[in-house]
Amino acid sequence: MLSLTPYQNPMYFGLLAVAFVPIVVGILWGKRFRWYELLVSIGFILLSFFGGSKWEQGVALVGFLIFEVILVSLYNAYRKKKNDTWVFVIAVLLAISPLVVVKLTPLMSGATSIIGFLGISYLTFKAVQTVMEIRDGVLKDYNPWFFLQFMAFFPSISSGPIDRYRRFRKDYESVPDREKYLNMLEKALHYVFLGFVYKFMLAYLFGTILLPKVQHLALQSTGMSWGLVGVMYVYSFYLFFDFAGYSLFAVATSYFMGIETPMNFNQPFKSKNIKEFWNRWHMTLSFWFRDYVYMRLVFFFMKHKIFKNPKTTANITYVLNMLLMGFWHGEKWYYIVYGLIHGVALVINDWWLNLKKKNPDRFPHNKFTEYLAIFITFNFVCFTFLVFSGFLDTLWFH
């Protein structure tokens with residue numbers, strides 16, 4: 001069977017273009033062909049997860065989806081009658097258990113977990129957020145069949161962006177009027193062309209051509225060198241253009257289907273501080289951690305009066321939240337240190353902004369200070385990406 005990785009080669013885009021013709025025509029005439037959209041989704045999932053030697057990933061994906069749908073449906077049925085915290089906690093732990101197994105298996109055995117597949121993290125986040133919204137009572141119209149469609153929405157199944165159940169359902173159950181849809185198509189085409197520039201030109205330039213060269217230069221010395229500085233900047237640009245390019249493809253594909261999947265990047269290297277950076281970089285992930293980890297930890301600590309000072313609560317939660325994000329990327333030391341650095345940076349950032357607010361005359365705000373803030377933030381982020389890349393592990397310990 002033909003095997004294609006999402007958004008990686010011309011054939012994938014060609015098949016998308018052909019498959020989308022009936023969908024586009026239908027929406028332009030105010031109709032959704034549900035059965036056809038379902039067939040297209042199944043077809044591309046088969047191409048991505050069952051082709052060639054990847055059939056094991058496909059089996060793992062199907063098993064995961066069945067497990068999560070049953071789990072969330074059972075919790076929804078329970079929540080209509082009762083609301084015990086311990087049941088909610090068990091439901092969340094069960095929802096994340098496949099991901100935990102996949103993440104820890106290489107650490108424990110050195111092998112890849114047989115239940116792992118491309119995109120398991122993002123699907124887990126969707127399942128967990130649905131459980132939490134059912135618990136909060138904001139999701140009252142849960143439907144198992146629709147939840148399965150939400151989880152298996154093929155444009156974003158492999159690497160996000162991470163959508164929300166209610167936002168997705170609002171788009172899915174409506175048909176945009178012709179004027180709005182034409183505007184969506186215009187944006188989609190723009191995102192496709194921009195994605196090609198990002199992923200197949202700029203990411204190729206930085207990741208395939210330049211990165212090996214500066215890494216080779218850096219490996220000539222075990223300490224600080226111009227080669228290492230080159231790795232820091234080149235890898236940072238590669239990481240951005242590669243992931244932002246993929247995200248543009250996912251959003252564009254969604255737009256063709258009449259679904260306004262949220263954007264993942266918003267010119268992050270123009271950020272004036274680290275908090276603004278996280279409001280611009282991998283936005284659906286950072287907002288997920290903000291809403292479903294950070295805010296809930298703050299509420300828990302304050303409810304149980306774990307810390308007397310609200311600022312202490314916020315600061316400790318910053319660090320815990322970013323540490324968890326680091327662990328999510330992997331069990332390697334450089335992912336964890338990356339998360340820790342960003343957690344501490346968020347604490348320092350809040351302290352600095354508060355100090356500026358209290359002393360406006362002492363710390364002037366003008367174009368120069370804005371550009372300086374962007375310069376400092378950009379270089380700090382690039383340094384943390386150097387840590388994140390794992391190259392320092394290769395440079396120092398191998």
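This is a predicted model: local features need pLDDT of at least 70, side-chain atom pairs count only at pLDDT 80 or more; totals for chains, interfaces and linings use all residues.
Let me begin with the chain as a whole. Its secondary structure comes to 15 helices and zero strands. The radius of gyration is 22 Å, close to the 21 Å that the globule rule gives for 398 residues, and the chain is therefore as compact as a globular protein of that length. Along the principal axes, the C-alpha trace spans about 60 × 55 × 50 Å. Of the 398 residues, 49% are buried, and if we take the contacts between residues at least 6 apart in sequence, 73% of them join residues at least 24 apart.

I would now like to turn to helix α4, which runs over residues 85-109. With 25 residues, α4 reaches 34 Å from its first C-alpha to its last, close to the 36 Å expected at 1.5 Å a residue. Where in α4 does the kink lie? It lies at S97, shortly before the proline P98, and the bend there is about 45 degrees. P98 is itself one of the buried residues of this helix, a list that also includes V87, F88, A91, V92, A95 and L99, and that goes on to V102 and T105. As for what covers these buried residues of α4, the elements include α3 (55-79), α5, α11 (283-303) and α12 (310-329). Just after the helix, G110 takes a positive phi of about 80 degrees.

Side chains of opposite charge can pair when their charged atoms come close, and a search of the whole structure finds 13 salt bridges. In one of them, R296 pairs with D136, the closest N and O atoms being 2.4 Å apart. Because R296 lies in helix α11 and D136 in helix α5, the pair ties together parts that are 160 residues apart in sequence. Both partners are partly exposed, R296 with a relative accessible area of 24% and D136 with 42%.

A further salt bridge joins E173 to R169, with 2.7 Å between the closest N and O atoms. Here E173 is partly exposed, at a relative accessible area of 49%, whereas R169 is buried, at 15%. R290 and D291 form another salt bridge, where the closest N and O atoms are 2.8 Å apart; R290 is partly exposed at 37% relative accessible area, and D291 is partly exposed at 23%. Salt bridges that share partners also join D141, R169 and E173 into one network.

D393 is found in helix α15, which covers residues 391-397.

Conventions:
Residues are numbered from 1 along each chain as its sequence is written. Side-chain values use heavy atoms; hydrogens and water are left out. Helices (H or I, at least four residues) and strands (E, at least two) are DSSP runs, numbered from the N terminus. The expected span of a helix is 1.5 Å times one less than its number of residues. The bend at a residue is the angle between axes fitted to the seven residues ending there and the seven starting there. Buried means under 20% relative accessible area, exposed over 50%, partly exposed in between (1.4 Å probe, protein chains only). Contact means heavy atoms within 4.5 Å. The radius of gyration is taken over C-alpha atoms; the globule rule is 2.2 Å times the number of residues to the power 0.38. A salt bridge is a side-chain nitrogen of Lys or Arg within 4 Å of a carboxyl oxygen of Asp or Glu.
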